[in-house]
Amino acid sequence: MGFAKEEKSKRVLRGVKTLFFLITMLISFLLFSAPILLVIADTLLPFSLLSASLSPSSLSLETLSSLFNNYDFRYSLVDIPLISIIRSAVIICVYSLCDGPRLSRGPYLGITTMCSASSLIYVSFKAPRVFRVSSMDRGEHVIAMEIALFICSLLLAIGHIAVAYRTSCRERRKLLVYKIDIEAVSACKNVVFPRFDRENLQLGDH
């Protein structure tokens with residue numbers, strides 16, 4: 001009876017360890033893939049919210065063409081998803097072109113911050129004007145979707161900056177560890193080879 005309980009507790013412990021390992025691997029994967037996942041979210045979410053704000057109409061090429069043709073800064077929202085797509089396209093291009101040193105400092109973090117900050121300023125400037133007009137002649141559902149669209153765009157812009165900063169810090173740590181390893185190997189060589197040379201000289205003298 002005691003042996004069976006012990007076996008059962010071992011199985012439970014193994015199951016907990018396996019679950020913890022899988023969760024850790026999943027979190028690690030999500031953190032490593034955060035720039036790409038955020039770009040996908042930044043491309044899809046704003047268009048989904050724009051489509052919801054057009055209810056009962058649906059988002060189609062004809063609807064998009066009509067929205068662009070009748071564009072007005074004060075109440076049109078089609079520019080918000082467009083800004084998200086442009087922002088995401090620039091960020092993912094820079095991310096894919098940068099290697100470790102460039103990810104650690106320079107182009108990736110700088111361009112991501114510049115694109116996200118520019119979109120933040122634009123969306124923050126546009127929001128009061130849109131809601132000043134939309135609150136007069138639009139339903140509660142539409143206004144709620146418009147608010148969600150603006151909040152989503154702002155949060156994704158901040159998310160891009162946070163992910164870029166974290167990626168930059170991670171790559172900087174990698175480079176630091178690599179530099180320490182190289183210096184350690186160089187130091188070992190400097191210690192071993194002079195000793196080896198001295199021993200050879202002594203043997204040559206004999």
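## A nonpolar surface patch

Ile 36, Leu 37, Ile 40 and Leu 44 make a nonpolar surface patch of about 350 Å² in this predicted model. Patch members have over 30% relative accessible area and no salt bridge; nonpolar side chains (Val, Leu, Ile, Met, Phe, Trp, Tyr) are joined within 5 Å, like charges within 9 Å. A salt bridge is a side-chain nitrogen of Lys or Arg within 4 Å of a carboxyl oxygen of Asp or Glu. Areas come from the Shrake-Rupley method with a 1.4 Å probe, and for residues only the protein chains shown count as cover.

Leu 44 sits in helix H2 (residues 34-53). Leu 44 counts as exposed because its relative accessibility is 52%. Exposed means over 50% relative accessible area, buried under 20%, and partly exposed in between (1.4 Å probe, protein chains only).

## Basis and confidence

The model is predicted: local features need pLDDT of at least 70, side-chain atom pairs count only at pLDDT 80 or more, and totals for chains, interfaces and linings use all residues. Residues are numbered from 1 along each chain as its sequence is written, and side-chain values use heavy atoms, without hydrogens and water.

Mean pLDDT (the predictor's confidence in each residue, from 0 to 100) is 75 for the chain, and 70% of the residues score at least 70. Confidence is highest in helix H4 (residues 79-97), at a mean of 89, and lowest in helix H5 (residues 100-104), at 68. Residues 195-201 stay under 50 and have zero contacts beyond four places in sequence. Where pLDDT is low, the predicted coordinates should not be read in detail.

## Fold and annotated spans

The chain has seven helices and zero strands. Both are DSSP runs, numbered from the N terminus: helices are H or I, at least four residues; strands are E, at least two. Of the 206 residues, 28% count as buried. The accessible surface is about 13800 Å², with 70% belonging to carbon and sulfur atoms.

An unreviewed UniProt entry annotates "transmembrane region" at residues 20-41, 73-95, 107-125 and 145-165. Such annotations may be inferred rather than shown by experiment; positions use the numbering here, and feature names are shortened. Residues 107-125 are 100% helix, with end C-alpha atoms 27 Å apart. Residues 145-165 are also 100% helix. Their end C-alpha atoms lie 30 Å apart.

## A buried aspartate

Asp 79 is found in helix H4. Asp 79 counts as buried because its relative accessibility is 8%. Beyond neighbours within four places in sequence, Asp 79 contacts Tyr 71, Tyr 122 and Lys 126. Contact means heavy atoms within 4.5 Å.
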